[in-house]
Amino acid sequence: MTDGTAVRTPSMAVPASLRLLGRAGGLENSDICGYYVHSGWNEGHATYLQVGSHTALMFRRGCWVIDRQGVQDSEMAVAWAKDNGALAPTASTFGPWFIWSESAQDFLADANLIAIDAPDVTFISRRSDISGEYHFAGLSDGSPYYANGDMLIRYHSEGRKWLVAGTEHKGNNCIAFAEAQDTPHPGFAFLKWHVWNGATGQWNADANCHCLAAPSVIHVLGRHAQACNARICGSYHLAGLREGRPLYLLPGKKAVIRYASETDRWLIDFEALAELVSEPPSWVSDSGRFLEASEQRRLEELCEALANTNVEASVVVLAGLHPEVSSVSGFAAALMNFWGVGHPRLHTGLLVMLLVQQRCLEMRVGYGLARLLPTEKLQQIQQERAAERPERHLQGFYEQDDTAERMQCPNYLPVGVVRSESDKQPRECTRCSVLPWARQASHEEICRLDVSNCSVLKPGERCWIRCREPYFEGEPVHVMCNNSEESGGGLAWDRKTPKCKMKCPNLFGVRSSMALFLASVLVC
């Protein structure tokens, strides 16, 4: 098993696969086009076999040949090309292929036929809208591009970057990017990816974001159920990197497929899962990164201090739950039991779950802690300690022009309401009826939008509009409160609304136990 980027021998490195393409389908011998995988070496050069046939692409007697009969020492071939001086016949250093023609009884040059290094890739990210398998879709300006539904991975030649973008994005507009570093495709583990954060309007370098030339799932099968170590069989899911190679997890069995550099072997390991966690164990789960780093550190310290008293506390911060999850309390209870929060005999566990977009704070305790923290006490804590933050941060402030004094909104304000300077009374600012899109949009389309950032605006102020979970966004939209008489008031949109679509949650950014639980609860 390779990492999908290159096959190595001492002092040698060649692509693990090649795509032969460019010969038109109606031409003779066009079936030599296809996907080839590295199978060995011949005369010091790489040999490739076409998937689904015996056709071999190999170096023989001083030139590259394509032989329908496979790897053999023969003078027969369907195509040939001159020695390019490289270990593999990639397009960058290659001359034309000469294809056999029955009518001409000779080999004729075909300048369109090329071999390129462009394996399918899997993108791993905390964002579900860009994660998944991307399949080779063609060439653009000589570089491969990949498709996954409405999402693309393509090369931007001016910026020399690989971009993850929607089909509607043009130029360098994208959701994620990595400096290409002269790579022939984006599936190299050493590339550093930056992902757009719609909440902050910034690009964030994400060490947990990878694009790999590796399948998203590997199936291990064939071991008899009664045989020793039959438990290794199953479907292993791509979860990240270890030592620069793909790491696969077997859900429910705590088994991994990993690369061991010390022995240069791939291993199926049931004992090493704890050692392979890329992040240190944490009492706080915040895959959406809603908390500031200082806030998360403070929570970790508090939870660690409680753990020294035999009280285990876990904090979970989520954007929200799937609409089909009818009971927030039931979800919290099930999650607490699944994680095993609390002392195994004393049952002194505490789970604190914050749903940001749903503005919900749920607290659950084990029965061993219920005497100290009964329901009434939990309600009191929420009313005294938690109530002021949602109003302050989620509902927003307005600012007086003359004194710049910040004043808290006393009540929840509907989206698109601003307080005027003169009368301090709410007045409408953002009437979506001024938008042609809103007049034509269905109620379902409007409800997919998250406009919580636009709760309180003054004329001229801006906010971000994105998609509500479990929908996802192609790119957030920047809007401005325009209250001029000429425009009739309302929001001024820089471009069309986010393209919100349903997609199952990404489980790569969640620790394995939580991922398994979410997969069984959230229904897409």
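These entries record what I looked up in a predicted model.

**Basis.** I number residues from 1 along each chain as its sequence is written. In this predicted model, local features need pLDDT of at least 70 and side-chain atom pairs count only at pLDDT 80 or more, while totals for chains, interfaces and linings use all residues; side-chain values use heavy atoms, with hydrogens and water left out.

**Whole protein.** I found 8 helices and 39 strands (DSSP runs numbered from the N terminus: helices are H or I with at least four residues, strands are E with at least two). Of the 524 residues, 43% are buried (under 20% relative accessible area, with a 1.4 Å probe and protein chains only).

I then traced an open sheet of 9 strands, whose order is 10-9-8-7-6-5-4-3-11 with antiparallel pairing (two strands pair if DSSP finds at least two bridges between them). Strand 10 (106-110) and strand 11 (114-116) are the edges, each pairing on one side only. Within the sheet, strand 4 (residues 34-42) and strand 5 (residues 45-50) run antiparallel and are joined by 6 bridges. Asparagine 42 stands opposite histidine 45 in strand 5.

**Serine 30.** I located serine 30 in the loop between strand 3 (17-21) and strand 4. Is serine 30 buried or exposed? Serine 30 counts as buried because its relative accessibility is 17%. A polar atom of its side chain lies 3.3 Å from the backbone oxygen of leucine 27. Leaving aside residues up to four places away in sequence, serine 30 touches Arg23, Ala24 and Gly25 (contact means heavy atoms within 4.5 Å).

Methods:
Buried means under 20% relative accessible area, exposed over 50%, partly exposed in between (1.4 Å probe, protein chains only). A polar contact is a pair of N or O atoms within 3.5 Å; within protein, one must be able to donate a hydrogen and the other to accept it, and residues adjacent in sequence count only if both atoms are side-chain atoms.
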